[in-house]
Amino acid sequence: MTIAAVPPADAEPADVDMSTVDLSDRDWWTTPPGYRHAAFDRLRRERPFAFFAEPDLPGIPAGPGYHAVTRYAHLEAISSQPAVFCSGRGAVSMQDVPAELHEFYGSLISMDDPRHARLRRIVSKTFTPRMLERTLDSVRAVVDDVLARARATAAASDGAIDVVADIAAPIPLRVICDMMGVPEQDRPSVLANSNVILSGGDPELIENDDPLTAFLTAGMEMAALMERLAAERLAEPRDDLTTALVTTEVDGEQLSHQEIASFFILLLVAGNETTRNAISQGLLALSEHPDQWARWAADPALDRTGVEEVVRWVSPVTWMRRTATQDGEIGGHRFTAGEKFLLFYAAANRDPEVFADPQRFDVGRDPNPHVGFGSKGPHFCLGAHLARRELQVTFRAVFDQLPDLEVTGPPDRLASSFVNGLKRLPARLGGER
């Protein structure tokens, strides 16, 4: 259902017209965050397993619908029981899509044990301490260079920059591509295809309003890049993650060609998009809370808690899906095998049962048991350590090198329920804070 009017950003729970709340409607996700979280407050309190119909997408038949999990305790309980609530029937789509399609795009995310454990064991071995240390050491150089380029862009355009294009997008893209050994000439296509795969069907990013074809094309182009790089690394190994992926063995097992391709897509997409949106939305949040900007900028000891609060506040990945493998009950809700549950991390991260004053942005919040990187269970984010490092370095560098950054207009939000993303965020350098 389409939202008739844009509600106020500071809407209170009582102001929400719950008859217009449709978590399957892409347009609903372009409403102001304050309104969406007010709706989540009502759902948590009144309908903790609210049922929604699945959206119609070209080429994909709508399924039976799903339950929206909005309470922290319920999300944690479902995540910690992977045998009862599986990922292998599709973790990143509301609809049931062909198994080979969701596995190709979801990789580890859309697998269950024992295959998930086998693949994660092999992949984890490729993330050697030496490789991670080298990557972490390179983050500072990447961030410094990106911010210097942003300053140069501003100098050439009366101070105007786009936080997304000039700061948030290039940092994680360069870090993950350096880690993988992706050549410079291939990086623009990696960014473009990542945008399509995680577009949520946003018409600005999808040609001819045909998301299925766009997703397939983007995936095939990413897989073709992997095939080329894999062949090059087998012929001439290098000290990068791609070489490790094509050569690592655990108990005599290696990744198959398809597994390498799908994990490659996962790394390039997840390692790029989610960190990018945490940076852009984090800078937006700080601009909206100047007291927190000043507090964090003045105290490097807040780098750890500040990053955790950004991830809680933003929740870059809004939801993941689980499917019941058997009949049962959770939180007083009876369910049967085959029922779908969407775990809304954004809602759980504002649950007042877990977070004191959850609608307050507090860079010193501690403890902060957010689920922005996933919850308990086997699917906790493999790249959380790297993401945290990127975010800590980025925000500290912005405070030190771009203290005059000023957001000058509203963000252009991605029309997606899955990724909480910004397409553009206008800003300028040279103002006074």
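Two strands count as paired if DSSP finds at least two bridges between them. Helices (H or I, at least four residues) and strands (E, at least two) are DSSP runs, numbered from the N terminus. The views below show a predicted model, in which local features need pLDDT of at least 70 and side-chain atom pairs count only at pLDDT 80 or more, while totals for chains, interfaces and linings use all residues. Residues are numbered from 1 along each chain as its sequence is written, and side-chain values use heavy atoms, with hydrogens and water left out.

**View 1. Strand S8 and its two partners.**
Here S8 (residues 340–344) has a strand paired with it in each sense: S2 (residues 66–69) runs parallel to S8 over 3 bridges, and S5 (residues 319–324) is antiparallel to S8, with 5 bridges joining the two. To find your way around, pick out Leu 342 of S8, the bridge partner of Ala 68. Then go to Phe 341 in S8, which has Arg 322 as its bridge partner. How many residues of S8 are buried? The count is 5 of 5, so the strand is mostly covered, where buried means under 20% relative accessible area, exposed means over 50%, and partly exposed is in between (1.4 Å probe, protein chains only). Both faces of S8 are covered, with Lys 340, Leu 342 and Phe 344 buried on one side, and Phe 341 and Leu 343 buried on the other.

**View 2. The largest nonpolar core.**
Phe 344 shows up again here, among the residues with the most contacts inside the largest nonpolar core, alongside Leu 23, Leu 283 and Leu 405. That core has 129 residues. Helix H11 (residues 257–288) gives the most to it, with 14 residues. Where does this core lie? Domain 1 (1–37) and domain 2 (48–428) both give residues to the core, so it lies between them; the domain bounds come from an automatic or database domain assignment. A nonpolar core here is a set of buried Ala, Val, Leu, Ile, Met, Phe, Trp, Tyr and Cys residues joined through side-chain atoms within 4.5 Å. As background, nonpolar side chains in soluble globular proteins tend to be buried together.

Asp 41 and Arg 44 form a salt bridge, with their closest N and O atoms 2.1 Å apart. A salt bridge is a side-chain nitrogen of Lys or Arg within 4 Å of a carboxyl oxygen of Asp or Glu, and a search of the whole structure finds 30 of them. Both residues sit in helix H1 (residues 33–46), 3 residues apart, or about one turn of the helix. Buried or exposed? Asp 41 is buried, and so is Arg 44. In general, side chains of opposite charge can pair when their charged atoms come close.

Arg 233 and Asp 240 meet through their side chains in a salt bridge, 2.8 Å from N to O. Asp 240 is buried at 6% relative accessible area, and Arg 233 is buried too, at 1%. Elsewhere, Arg 424 bridges to Asp 412, with the closest N and O atoms 2.3 Å apart. This pair links distant parts of the chain, with Arg 424 in strand S11 (residues 422–424) and Asp 412 in strand S10 (residues 412–413), 12 residues apart. Arg 424 is partly exposed at 34%, and Asp 412 is partly exposed at 24%. Salt bridges with shared partners also join Asp 186, Arg 228, Glu 232, Arg 233 and Asp 240 into one network.

Start with the cis peptide bond from Asp 113 to Pro 114, where omega is near 5°. Pro 114 is in the loop between helix H3 (99–106) and helix H4 (115–126). The bond from Asp 366 to Pro 367 is cis as well, with omega near 5°, and Pro 367 lies in the loop between helix H14 (345–348) and helix H15 (384–401). Asp 357 lies in the loop between H14 and H15. Its phi is near 45°, a positive value in a residue other than glycine, and Asp 357 is partly exposed at 44% relative accessible area. Asp 158 also has a positive phi, near 55°. Look for Asp 158 in the loop between helix H5 (129–155) and strand S4 (160–162), where Asp 158 is exposed at 74%.
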